[in-house]
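Reader: I'm new to reading protein structures. Could you walk me through some features of this one, step by step?

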Amino acid sequence: LEPSDSKLPSTDPSSHPSSSSNPSSEPSMVPTGSAIPSDAPSEFPSTSAAPSSKPSGTPSVSSYPSGEPSAVPTGSAIPSDMPSEVPTVVTTQNLQSFQTASSNRFNGRSSNTLPSNSADVEESSFSAQCNHGYYGEDNVQVLQGLDDTVKFRISQPFASDLERYAVWFDNPNTSESESKCYYRDSVPFGNVAVTPFEAKCQEGFATISLYGGEAGETEFHQIGLDTSLIPQARCQSQVEVQEFNPNKRCFWQFTLDCSRNGRQLRANEKEKESSTVSPCEEKSKLIDVSNVQLDEACSAPELSPIKVESQDEEFVTFTVSQVWKGCDNSESGGILDWLATDFNNDQGKLTCVGQNSVPCGSSSSSSIFKSECTDGVAVIDLFASDLDVFKRTGTMMVPAACAAPSEGLNTCHYRYLVQCKPSLCNSKAGHPATSRRSFLRAWLG
């Protein structure tokens with residue numbers, strides 16, 4: 001028989017099917033393409049070589065949904081500024097995803113569900129923490145601070161429901177009750193209540209206490225918590241908060257700032273105050289540096305090479321300047337061969353910073369050093385070497401860390417003591433707390 005030239009497959013099977021002289025024992029790795037697809041899907045779906053550029057009008061439903069959430073969650077093109085008035089509905093499928101994400105990434109907490117305002121909210125820490133970790137400052141949102149009261153929302157951040165959920169705080173309406181309480185047998189993931197809470201403030205702050213616990217197979221406990229730290233809830237007559245059980249519940253507590261962004265404003269003011277240097281501090285910087293004569297052949301320069309930048313009792317910050325050579329216009333070739341600064345750094349470790357070919361002025365590009373204080377004093381040793389300036393005979397013992405280039409030849413050693421507490425800042429007497437002479441006598445013995 002001659003093969004047919006038709007390009008269309010027949011609609012009926014041949015009455016005499018062809019037989020292969022060598023039939024295969026296994027199916028073909030590349031299945032034959034059919035003009036009429038089968039009624040049942042292939043066990044191994046084919047992969048499109050050219051995926052479409054537009055999404056399907058009817059999205060496909062996977063027969064095997066992912067067991068874990070996407071590493072990069074889908075973001076809304078226009079996120080809302082405020083949380084939903086209606087709690088988020090969690091289906092069985094995304095509940096499992098939330099539980100997986102919570103267990104792996106947040107130790108039981110989901111990501112925050114309220115806008116972040118950590119400057120207004122501070123969560124308390126306890127020696128015995130909840131087995132699922134912190135509740136999360138981002139899950140409490142300050143809406144409005146009115147000095148005497150503060151309005152706020154709370155979100156339930158755990159994927160599973162929290163049972164025996166209670167919130168209480170000082171009641172602005174003291175005639176009603178001492179505490180304002182909110183209690184539910186079960187609270188799902190999402191906003192806790194439609195109406196915002198309002199708490200009474202004490203000295204600019206409000207304390208919010210809450211607990212919740214075991215729901216189904218999700219276990220909550222806070223074994224070892226000192227229950228005396230839990231404030232008593234003296235609720236309004238129609239609300240009763242059950243006694244806290246650390247074997248089945250977790251307790252969390254927050255402090256709310258009653259003025260919007262008040263804590264951040266105070267932090268900024270404190271930083272501004274700390275950066276403001278008083279007149280006594282400025283004057284102290286000029287007199288709180290003392291030279292200790294170590295070698296008669298090396299007299300101290302007229303201009304001190306040490307300039308104090310700050311003193312805070314524990315540390316001193318300072319700069320070092322090259323003042324021996326090139327600072328007089330009449331002097332030619334004003335480059336000092338070598339200068340090193342040896343001191344205890346802010347970690348309490350001896351550090352030596354050396355520099356070759358130092359012009360008049362600062363000795364290093366990283367010119368500000370920070371030294372730890374010992375018995376109220378920072379000790380700074382300088383080693384300077386130059387063939388033209390220092391005519392000292394013999395060699396000078398220089399710490400190996402300083403890497404002296406001339407093995408201590410034509411080298412001088414200078415020692416400076418810096419008081420760590422500004423000596424002129426004595427608010428009671430208005431006089432120097434310690435004179436330079438008495439300071440040296442006390443320190444040197």
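Author: Happy to! Keep in mind that this is a predicted model. Let's begin with a disulfide: with 110° about the S-S bond, the link of Cys327 and Cys360 is right-handed. The pair connects distant parts of the chain, 33 residues apart: Cys327 is in the loop between strand S12 (315–322) and strand S13 (335–344), and Cys360 is in the loop between strand S14 (350–359) and strand S15 (361–362).

Reader: What is a disulfide, in general? And how many disulfides does the count come to here?

Author: In general, a disulfide is a covalent bond between the sulfur atoms of two cysteines. Here the count comes to 8 disulfides. For Cys327 and Cys360, the S to S distance is 2.0 Å.

Reader: How exposed is Cys327? And what about Cys360?

Author: Cys327 counts as partly exposed because its relative accessibility is 39%, a value between the 20% and 50% cut-offs. Cys360 is partly exposed too, with a relative accessible area of 38%.

Reader: Are Cys373 and Cys420 buried or exposed?

Author: Both Cys373 and Cys420 are buried. Now look at another disulfide, which joins Cys130 to Cys250 with an S to S distance of 2.1 Å. The torsion about the S-S bond of Cys130 and Cys250 is about 75°, so this disulfide is right-handed. Since Cys130 lies in the loop between strand S1 (121–123) and strand S2 (140–145) and Cys250 in strand S9 (residues 249–257), the pair ties together parts that are 120 residues apart in sequence. Cys130 and Cys250 are also buried.

Reader: Next, the core. Which residues touch the most other members of the largest nonpolar core?

Author: The general idea is that in soluble globular proteins, nonpolar side chains tend to be buried together. In this model the largest nonpolar core has 29 residues, and Phe152, Ile154, Tyr165, Ile208, Trp252, Phe254 and Leu256 touch the most other members. Two or more residues come from each of S2, strand S3 (149–156), S4, S5, strand S7 (197–200), strand S8 (205–213) and S9. Leaving aside neighbours within four places in sequence, Leu256 has contacts that include Val142, Phe152 and Ile208. There is also a second, separate core of 25 residues, with Ile306, Val323, Phe343 and Val358 among them.

Reader: Why is S8 described as largely enclosed?

Author: 7 of the 9 residues of S8 are buried, so the rest of the structure largely encloses this strand. S8 pairs with S4 in the antiparallel sense over 4 bridges, and 9 bridges join S8 to S9, also antiparallel.

Reader: Can we finish with a loop residue? Where is Pro172 found?

Author: Pro172 is found in the loop between strand S4 (162–170) and strand S5 (179–187). With 35% relative accessibility, Pro172 counts as partly exposed. Leaving aside neighbours within four places in sequence, Pro172 is in contact with Thr149, Glu198, Ala199 and Lys200. Pro172 and Thr149 are 23 residues apart along the chain, with their C-alpha atoms separated by 6.9 Å.

Note on methods: Residues numbered from 1 in each chain as written. Predicted model: local features only at pLDDT ≥ 70, side-chain atom pairs only at ≥ 80, totals over all residues. Heavy atoms only, no water. Buried < 20%, exposed > 50% of the residue type's maximum accessible area, 1.4 Å probe, protein only. Contact = heavy atoms within 4.5 Å. Disulfide = S-S within 2.5 Å. Core = buried A, V, L, I, M, F, W, Y, C linked by side-chain atoms within 4.5 Å. Pairing = 2+ DSSP bridges.
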